[in-house]
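Dear colleague,

Please find below the sequence and the structure that I am handing over to you. My notes on what was found follow directly after them.

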Amino acid sequence: MKRIVLLAVAVVTMTAGSLAQRRGEPPPPPPPLEPGASQADVDKALVAAPASLKDQATVIKWKKDFTYDTLRKGTNRLVCYDRSGFPLQQPFSVQCTSMGNLEREAQNLKAEASGERPKSEEMLNAMEKDGTRAKPEYGSMWYAVAGPDREHARPESHITIAVPFATSQSTGLPDNGRGGGAWIMNAGTMKAHIMVPNR
């Protein structure tokens, strides 16, 4: 079986529950908030987090200069943040990914600050061409929940797994979702990712 299919299965399996505590041991309590952090801000950002990773995830708050403050320092590799109302985002928009993807997300937010999707894509493509685009962490997942408000927000219709430069040939996955299962999008590029149907 191809390396990436095994990786995708392993990551999804881990997210689905393999991180559960050993039988009989209570899970550790969530880490404390950083000074000045709001529990409401933390709770909002964690809406996108998988249940098995939520309590130990790091939570950050993006600043206008595309740096961030840490609201809660977690013990796993997941980081969650609020993007509600940012340019090109819905009024309620929260996302979680791997800590290794924060530089890439900062670039995304900076490009989206123009408020125009074509201009944003042009900026990100130029970074890829000149070698300044941050590479996503191979095998990392992106989870998002968005909508017009919290009550009507829903998980994205898919979960993405970053597989930079992977192809249909290297993964064994189709390059479209017509079959109804996982497939690879943007194959052969830095932004290649596996689309996993979520609902």
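Predicted model: local features only at pLDDT ≥ 70, side-chain atom pairs only at ≥ 80, totals over all residues.

The buried residues of helix 4 are Leu102, Arg104, Glu105, Ala106, Gln107, Asn108, Leu109, Ala111 and Glu112. Here, buried means under 20% relative accessible area, exposed means over 50%, and partly exposed lies in between, with a 1.4 Å probe and protein chains only. Helices (H or I, at least four residues) and strands (E, at least two) are DSSP runs, numbered from the N terminus. Because nine of the eleven residues of helix 4 are buried, this helix is largely enclosed by the rest of the structure. The cover over its buried residues includes strand 1, strand 2, strand 3, strand 4, helix 5 and strand 5; contact means heavy atoms within 4.5 Å.

Residues are numbered from 1 along each chain as its sequence is written, and side-chain values use heavy atoms, with hydrogens and water left out.

**The largest pocket**

The largest pocket holds about 760 Å³ of space. On a 1 Å grid over the protein atoms alone, a pocket is an open set of points where a 1.4 Å probe fits, with protein on both sides within 12 Å along at least five of seven lines; a cavity is a set from which the probe cannot get out, and lining residues have an atom within 4 Å of a point. Grid points are joined across faces, edges and corners, and the volume is the space filled by probe spheres set on the points.

The lining of this pocket consists of 28 residues, and Gln95, Asn108, Trp142, Thr160 and His193 lie nearest its centre. Two or more lining residues come from each of helix 4 (102–112), helix 5 (117–130), strand 5 (141–147), strand 7 (158–162) and strand 9 (193–197). Helix 5 gives the most, with five residues. By residue class, the lining of the largest pocket has ten nonpolar, eight polar and ten charged residues. In this scheme Ala, Val, Leu, Ile, Met, Phe, Trp, Tyr, Cys and Pro count as nonpolar, Asp, Glu, Lys and Arg as charged, and the others, Gly among them, as polar.

**Strand 4 and its partners**

Strand 4 (residues 92–98) is mostly covered, with seven of its seven residues buried. Strand 4 pairs with strand 3 (residues 78–82) in the antiparallel sense over five bridges, and Asp82 has Val94 of strand 4 as its bridge partner. Strand 4 also runs antiparallel to strand 5, to which five bridges join it; there, Phe92 is partnered by Gly147 of strand 5. Two strands are taken to pair if DSSP finds at least two bridges between them.

**Salt bridges**

How many salt bridges does the model contain? The count comes to seven, a salt bridge being a side-chain nitrogen of Lys or Arg within 4 Å of a carboxyl oxygen of Asp or Glu. One of them joins Asp82 to Lys44, with the closest N and O atoms 3.1 Å apart. This pair links distant parts of the chain, since Asp82 is in strand 3 and Lys44 in helix 2 (residues 39–45), 38 residues apart. Asp82 is partly exposed at 25% relative accessibility, and Lys44 is partly exposed at 28%.

Arg117 forms a salt bridge with Glu112, their closest N and O atoms being 3.8 Å apart. Arg117 is partly exposed at 39% relative accessibility, whereas Glu112 is buried at 10%. In another salt bridge, between Lys119 and Glu116, the closest N and O atoms are 3.9 Å apart.

**Points in the loops**

Most residues other than glycine have a negative phi. Phe66, which is not a glycine, has a positive phi near 70°; Phe66 is found in the loop between strand 1 (58–62) and strand 2 (68–72). Asn186 likewise is not a glycine and has a positive phi of about 55°. Asn186 sits in the loop between strand 8 (183–185) and strand 9.

Glu137 is found in the loop between helix 5 and strand 5. Leaving aside neighbours within four places in sequence, Glu137 is in contact with Arg77, Ser98, Gly100, Asn101 and Ala162. Glu137 and Ala162 are 25 residues apart in sequence and 6.6 Å apart in space, C-alpha to C-alpha.

With kind regards
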